[in-house]
Every structure is written in structure tokens, then in C-alpha cells.
Amino acid sequence: MKRPSLLIIGADRGWEEQELLRAAKKRGWNALMFNATTIEIHLTAQGTKLVQGKKDFTSLFKNSRLIFRRSRGAQEKMIALALLAQHWNIRFTDGIQSIMSNLNKSIFLPSIETQHIRPIPTLFLSRGDLPDLPSLTFPLLTKPVHGRHGEEVVIFERASDFKRFLKTNLKSLMIQPFLPIDKEYRVLVVGKRALGVVQKIPKKGLRV
């Protein structure tokens, strides 16, 4: 019996990807990860061909469960691969909209329709634009639209510090009020069902 295959496609390889590969191999799966930035998509008279390191992996792609991970720096390539997976009826996650949201979160920010959760007010600022400072409440924080794992999140206590930051900022940003919370949780939702809750705990020794 042929072993099932899991193929992870992403732009970097961190501990989460390592754990996914480890868990799949523990279950007897053939588990691999490809870097999206080095994948070539060839359009030929016979159809679309996928190449990694001069090796054709189209058959592997078509016969694997796919996991699309962080698309940092390779969004367009990841979107093209996800669209191919959809066209070939291959089971995969994350969804295409999730990958596209890395290009512009303001377009694909999900709406929250519940009385129990209040969405955090968020202002999206394109690089070079200036917000209406009198309308902002401090302290606030900024996040790069293409960021992840809390990288380059900055907290501003005063408007004067924020104005100085904007003069040299070259990135599109999300601006949100600073919330003095003690704990943070991630809720895994599929459809309309919450399947689990995980508390996000900073790595020991990390400043937060």
C-alpha cells in the first residue's frame, strides 16, 4: 500500500513546519517541505509542470495533501500554486483568501458577526500616507501589514513619538489601540464550530 503524502509549501521553515513534518512522519506519511520561492511553474503544450531544483514534482503535488504556510516574499507564487491545487481538485489548507490576505489584509479582513466578540478597531495605512492624528487615542501600536510572529510591532505612548516614526516609515501599517491584556488565546474555528482554544505563551526570556 502506497504511503500517503503531505507536502508543505511555504516561504520559510520554522518550528511549526518542523512539528508538522514530524507528526506526519510519525504517522507513516511521506512528508516534505518545499520553499515556494524556488518553485518554478512551467506552462507547456502538455499542460502545467511544477519544478523544484530542476526536478519535476507535478505528480507529487497532485497526489499529496497540501499545507500552504506563511507566504512572506512569495505571495504571488503561493496564490498561483493554490489556484492550481483548486483547479486540480487537490485538498489543501490554508485557503486562497488566507494567502491573498498577506498581500492586503484590508481587503480580506473577516467580518465578525457576534455579540460576544468586539473586533479591535483597525486603521490601515499605506506607506507614505499620514493618519488623522487628532482622531487617534494613545497608547497605540503599529503592525506591518506583511508582518508575522509579532515582528516589528511598536507601541507608542505619545503622539510626538508616533509622528517621528511616520516620517521614516516605508511600510504599509495596521494601527490599533494598545490593549493591556494579561493573556492571549487563539481559537481554531472550522465552519461555525470552535474546535479548540490554545493559549499563546511567549518563549521564556522573550520581551513582550
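Phe 165 lies in helix H6 (residues 159-168); helices here are DSSP runs of H or I with at least four residues, strands are runs of E with at least two, and both are numbered from the N terminus. The model is predicted, so that local features need pLDDT of at least 70 and side-chain atom pairs count only at pLDDT 80 or more, whereas totals for chains, interfaces and linings use all residues. Residues are numbered from 1 along each chain as its sequence is written, and side-chain values use heavy atoms, with hydrogens and water left out.

With a relative accessibility of 22%, Phe 165 counts as partly exposed; buried denotes under 20% relative accessible area, exposed over 50%, and partly exposed the range in between (1.4 Å probe, protein chains only). When residues up to four places away in sequence are not counted, Phe 165 touches Thr 142, Phe 156 and Leu 173, a contact being heavy atoms within 4.5 Å. Val 154 is 11 residues from Phe 165 in sequence, and the C-alpha atoms of the two are 9.8 Å apart in space.

Leu 173 also takes part in strand pairing, where this residue of S11 stands opposite Pro 144. Strands S9 (residues 140-144) and S11 (residues 173-177) pair in the antiparallel sense over five bridges; two strands pair if DSSP finds at least two bridges between them. These strands belong to an open sheet of four strands in the order S8-S11-S9-S10, with antiparallel pairing. Its edge strands, each pairing on one side only, are S8 (123-125) and S10 (154-156). On average, neighbouring strands of this sheet are turned by 25 degrees against each other, direction ignored.

Another open sheet of four strands has parallel pairing and the order S2-S1-S6-S7. Strands S2 (30-35) and S7 (92-93) form its edges, each pairing on one side only. Six bridges join S2 in the parallel sense to strand S1 (residues 5-10), and Ile 8 stands opposite Met 33 in S2.

Helix H1 (residues 15-26) lies across S1, S2 and strand S6 (65-68), running at about 155 degrees to S2. Helix H3 (residues 75-87) packs on the sheet and touches S1, S6 and S7, its direction making about 155 degrees with that of S6. Axes are lines fitted to C-alpha atoms, for helices over the stretch in contact, and angles run from 0 to 180 degrees between N-to-C directions.

Buried residues of H3 are Gln 75, Met 78, Ile 79, Leu 81, Ala 82, Leu 84 and Ala 85. After H3 comes Asn 89, with a positive phi near 60 degrees.

The whole structure contains eight aromatic pairs, defined by ring centres of Phe, Tyr and Trp (its six-membered ring) within 6.5 Å, with planes under 30 degrees apart counted as stacked, over 60 as edge-to-face and the rest as tilted. Phe 57 and Phe 61 form an edge-to-face pair, at 6.3 Å centre to centre and 75 degrees between the planes. Phe 57 is buried at 4% relative accessibility, and Phe 61 is buried at 0%.
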